[in-house]
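Student: Please walk me through this model, feature by feature. Give me the general rule first, then the case at hand.

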Amino acid sequence: MVTETMRDFIRNETRERFLRYVQVYTTSDEESPTTPSTERQFDLARMLEGELRELGLKEVHCDEHAYVYATLPARDAAEGAPAIGLVSHMDTSPDQPGENVKPIRHEDYDGGVIRFPDDPELTLSPDDSPELTCFEGETIITASGKTLLGADDKAGLAEIMAALAAWQRFPELPHGEIRVCFTPDEEIGRGTVKLDLERLPFYCYTMDGEAPGDIETECFDAWRADLVFKGIGVHPGYAKDKMINAAAVAGRFLAALPEWEAPEHTADREGFYHLVSLEGNFENAKASWIIRDFEEAGNARRIEHLKTLIRAFESRYPGLSIELNVRHQYQNMRDIIREHPRAVELAVKAIEDAGLEPRLKSIRGGTDGSALTQKGHPTPNLFAGGFLFHSRKEWIAESSMVKGTETLLHLGARWAREPGK
Ligand SMILES: [Zn+2]
């Protein structure tokens with residue numbers, strides 16, 4: 001279905017769009033209370049809005065919170081074939097600088113060490129990222145050493161835009177109705193807070209995963225726990241049998257948690273407690289954790305363990321009080337997606353159609369897709385093709401973006417053949 005001519009077109013479209021989008025400064029900011037968290041995200045939102053209009057899409061709209069929406073009506077689709085939503089985020093992670101990104105194309109990559117002109121100390125090689133060896137002889141794109149690249153998730157944007165351009169350019173490609181939505185503030189966990197769900201169809205896909213072929217249908221079940229330790233402050237010269245030092249007790253409490261259940265000691269399907277902050281003095285101390293597991297029961301056990309420790313510490317130090325505040329942050333999207341298996345089945349087929357091997361994976365985190373799934377729109381996450389996200393070594397192969405777009409073209413065709421209910 002996808003011819004060589006189409007592939008050349010897609011190669012140019014993805015490359016040019018990607019190089020253009022990464023140069024727009026869109027770092028989000030956790031400290032900011034507004035949506036978008038940074039005004040600069042409008043620069044990319046308006047650029048995309050203009051490009052969607054140029055492509056002739058319908059219902060193109062950039063709202064006051066920098067969400068960009070557009071619709072591509074169905075072509076040669078079965079009667080009542082379901083529409084699908086394609087979602088990518090425009091912001092980049094505040095973990096690394098994202099201003100003045102200078103993308104560099106490393107043509108004919110030799111399989112060895114890649115150097116960065118703006119930081120001679122920094123190198124990228126298969127030691128950092130074994131996947132590099134799959135792309136020998138190809139073109140790799142990195143930043144220049146001072147910033148992240150922003151393939152997370154501007155590769156997703158470029159692939160979706162290139163798919164739309166291809167659908168418009170080649171009328172022989174069938175597709176159901178496609179609705180796109182580009183979001184701000186995904187990296188700070190607020191990508192869907194102002195999203196107008198009415199504009200999205202039932203089935204959606206985020207284009208925000210890593211290696212070509214990956215499809216993610218599972219994410220963490222996520223909790224936050226804040227503990228406040230209230231001690232008893234007394235003049236230290238006369239404190240015998242009276243003082244309870246809140247900060248010292250908090251330290252002993254931390255030491256009582258299993259060291260091996262921390263992010264630095266866990267991988268794959270293992271869950272953890274992650275101490276995100278600790279502050280205090282002898283009268284008051286505060287410790288905050290995020291608690292993660294793929295299974296709700298695993299997190300329930302961890303929260304129960306905190307409660308048991310609290311009781312033990314309060315009886316060990318009479319007069320001490322420990323306040324616990326737990327909050328559910330997001331849930332594993334697996335159970336909802338399982339009820340709607342077509343979303344995953346057709347994505348798996350589309351990945352195969354694009355000549356890739358589909359790999360079902362779990363996200364050790366959350367995405368816009370996990371929030372959307374929770375809000376009633378089953379949203380698996382498809383690969384966008386980048387690696388080493390949120391770092392100055394972030395990289396992507398140009399061929400991965402071509403595969404990303406091809407996967408979307410096949411996905412559109414698969415859904416177009418799907419009979420309506
Ligand atoms: Zn992302």
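**Reading the backbone, then the packing**

Tutor: Start with a loop: Asn100 sits between strand S3 (84-89) and strand S4 (104-106). Helices (H or I, at least four residues) and strands (E, at least two) are DSSP runs, numbered from the N terminus. Residues are numbered from 1 along each chain as its sequence is written. The model is predicted: local features need pLDDT of at least 70, side-chain atom pairs count only at pLDDT 80 or more, and totals for chains, interfaces and linings use all residues.

Student: What is the phi of Asn100?

Tutor: Near 55°, a positive value in a residue other than glycine. Asp241 is also not a glycine, and its phi is positive, about 65°. Asp241 is in the loop between strand S11 (221-230) and helix H4 (246-255).

Student: Is Asn100 buried or exposed?

Tutor: Count C-beta atoms, placed from the backbone: a residue is buried with 20 or more others within 10 Å of its own, exposed with 12 or fewer, and partly exposed in between. Asn100 has 12, so it is exposed. Asp241 counts as exposed because 5 C-beta neighbours lie inside 10 Å.

Student: Why is Tyr273 buried?

Tutor: Because 24 other C-beta atoms lie within 10 Å of it. Tyr273 belongs to strand S12 (residues 272-280). A contact means two C-beta atoms, placed from the backbone, within 7 Å. Beyond its neighbours within four places in sequence, Tyr273 contacts Leu257, Glu261, Ala262, Trp289, Ile291 and Arg302.

Student: What is the strand order of the open sheet?

Tutor: Pairing needs at least two DSSP bridges between two strands. Here four strands make an open sheet, ordered S12-S13-S11-S14, with antiparallel pairing. S12 and strand S14 (321-330) are the edges, each pairing on one side only. Neighbouring strands are turned by 15° against each other on average, direction ignored. S11 and strand S13 (residues 284-293) run antiparallel, joined by 10 bridges.

Student: Which strands does H4 touch?

Tutor: H4 packs on the sheet against S11, S12 and S13, and its direction makes about 20° with that of S13. Axes are lines fitted to C-alpha atoms, for helices over the stretch in contact, and angles run from 0 to 180 degrees between N-to-C directions. Helix H5 (residues 296-316) lies across S11, S12, S13 and S14, at about 170° to S14.

Student: How many residues of H9 are buried?

Tutor: 17 of its 19, so H9 is mostly covered. An expected helix span is 1.5 Å times one less than the residue count. Helix H9 (residues 398-416) reaches 28 Å from first C-alpha to last, close to the 27 Å expected.

Student: At roughly what angle do H3 and H9 cross?

Tutor: Roughly 50°, with the axes coming within 8 Å. That makes H3 oblique to H9. Angles under 35 degrees count as roughly parallel, over 145 as roughly antiparallel, 65 to 115 as roughly perpendicular, and the rest as oblique. Among the contacting residues are Ala155 and Trp167 of H3, and Met401 and Gly412 of H9.
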